Amino acid sequence: TGRYFHERLLEGGLRYLEEGDYFGTYFHVPDADFFLLLDADSYVAPDCLLKLVHFMQQPGREKTAITQIPGHPAPNTGLMMQRVAGALMDLRSAGLLGYARHDAASWVDESGLVRKSALQDIAQTQQERGLRVTRYFSGDRACGGMATNLRLLRHAWRVTSHPERLAWTSAPAELGALVARYRRWHDGGVITLPGLLGYLWRHGWRKPLAALLRIHQQISTLGTHLALLAFFSLSLPGAFYNAWLVAAVLGYALLLARDLKHAGYPWSDALRAYALKLLLLPVNLGGTLISLHRAWTRTATVWPQAPQEADHAGGCLPYYFAAYGLLIYWFVEAAIDLTGGLRVHGLVVALNAALLLYAVAGYIGFRDGLEDVHGALRRRLRQRALRGRIPVSGLDLEADFVHDRATLEAVERFDPPLQTRD
């Protein structure tokens, strides 16, 4: 901001904006102290910007780089999936406020107000295709916003959250959009953990509670879901193990119900939210594991946007199979435990299997789920057929796919098909 640019013509007809002086200016960007980052599917209160700027200019907040405004669900949603997903969004927003209260907040790609001087401190300049490019946020999508948080910490900048409800977003109405959102939310924490531990080893001793909360925020997704799978998969005899299992599951459910009640939801939504969390268990683990794989192979992670309604199962096909497989496994394990004398563990697993069954039936639907899986598999086969990778015999391309011009153009744009065969 505060600079002048003129247009430069590159080879191949590409146009590039290059910084210059006042003379021959293509356009001028006025200077600004703050930038407002806003999600495409969010809307904010009319006085949001005034409140955020006033909040950032208060004494003692000179080193606040980002004030994020967690998105809350849009009110009066009629679908059950939207209401329960919105309840989980409210709980996530409450958690972000809790981290901010103890000076342990991290930017999680939410909307918010960003201070320009903080971006200038963490800016990184590099050459790309012969052009000088300055990055202010981490370009490594395998780490999400966690890498940006680490760079802000190293430059003594802080992140916080505004306590008021200033932004709202539409909660996902179907599983495909929910999968796309949760995979983006649960990425990168474990990857940046070594860098965070190195920083806390040098500076974190001054605020031990904030240091512990930062570590918890980085590893909570992977640790919690792995522990949940271990609890339900390991059948160990002994009264201590049974007591620990019952206390952990019952305590988690009661705290979830209490948080939902505090957020304005009825007690009956606690079981629905718990069931949705079980359904999203493979999704949360999948987002973290994909990021770890991308970091190991050093390839960029391109998270999908919310899929279109016509192909809403295409991006979450593996999670359909994971949910069905987990459901079958838990019911079989519960039957084995109950007949083998491990009644406490069998009852806990059976209860969670019943809640997962409710989630699959209520949020996906057995018939709709099978149709989604069948349709997604056929679309993948047809795309591979168009690309010339599999024989086309047995696939009704003319009736099912050839007339879908938009899909054909997308396939040809990203992966041109081979020449037409006899």
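# A walk through a predicted model

With a relative accessibility of 15%, proline 282 counts as buried, where buried means under 20% relative accessible area, exposed over 50% and partly exposed in between (1.4 Å probe, protein chains only). This is a predicted model, in which local features need pLDDT of at least 70 and side-chain atom pairs count only at pLDDT 80 or more, while totals for chains, interfaces and linings use all residues. Residues are numbered from 1 along each chain as its sequence is written, and side-chain values use heavy atoms, with hydrogens and water left out.

Proline 282 sits in helix α10 (residues 281–297). Helices here are DSSP runs of H or I with at least four residues, strands are runs of E with at least two, and both are numbered from the N terminus. Apart from its neighbours within four places in sequence, proline 282 is in contact with Tyr319 and Ala322; contact means heavy atoms within 4.5 Å. Leucine 326 is 44 residues away from proline 282 along the chain, and the C-alpha atoms of the two are separated by 9.0 Å.

The protein as a whole has 15 helices and 12 strands. It has 422 residues, and 41% of them count as buried. Take the contacts between residues at least 6 apart in sequence: 72% of these join residues at least 24 apart.

Next come two pairs of helices. Helix α8 (residues 239–262) packs against helix α9 (residues 269–279) at an angle of about 120 degrees, and their axes are 9 Å apart. Axes are lines fitted to C-alpha atoms, for helices over the stretch in contact, and angles run from 0 to 180 degrees between N-to-C directions. The angle makes α8 oblique to α9. Angles under 35 degrees count as roughly parallel, over 145 as roughly antiparallel, 65 to 115 as roughly perpendicular and the rest as oblique. The crossing of α8 and α9 is right-handed; a crossing has this name if the near helix is turned clockwise from the far one by less than a right angle, and is left-handed if anticlockwise. On the α8 side, the contact is made by Val249, Tyr252, Leu256, Ala257 and Leu260, and on the α9 side by Asp269, Ala270, Ala273, Tyr274 and Lys277. By class, this contact of α8 with α9 has eight nonpolar, no polar and two charged residues. Ala, Val, Leu, Ile, Met, Phe, Trp, Tyr, Cys and Pro count as nonpolar, Asp, Glu, Lys and Arg as charged, and the others, Gly among them, as polar.

In the second pair, helix α7 (residues 208–233) and helix α12 (residues 343–364) pack at an angle of about 125 degrees, with axes 9 Å apart. They are therefore oblique to each other. Phe231, Phe232 and Ser233 of α7 meet His345, Val348, Val349 and Asn352 of α12. The residues of this contact divide into four nonpolar, three polar and no charged.

Now to the strands. Strands of a sheet pair through backbone hydrogen bonds, either parallel or antiparallel. Two strands pair if DSSP finds at least two bridges between them. Strand β6 (residues 64–68) and β11 run parallel and are joined by four bridges; threonine 67 has threonine 160 in β11 as its bridge partner.

Another open sheet has three strands in the order β5-β12-β7, again with mixed pairing. β5 (42–44) and β7 (72–73) are at the edges with a single partner strand each, so one side of each is left without a neighbour in the sheet. β5 runs antiparallel to strand β12 (residues 167–169), with three bridges between them, and serine 42 stands opposite threonine 169 in β12.

Strands β9 (residues 124–128) and β10 (residues 131–135) run antiparallel and are joined by five bridges. Glutamine 127 stands opposite arginine 132 in β10. The two strands form a hairpin with two residues between them, and arginine 129 in the turn has a positive phi of about 55 degrees.

Two loop residues also have a positive phi. Aspartate 103, a residue other than glycine, has phi near 60 degrees. It lies in the loop between α2 (80–101) and β8 (112–115), and at 16% relative accessibility aspartate 103 counts as buried. Alanine 156 has a positive phi near 65 degrees and is found in the loop between α4 (146–154) and β11.
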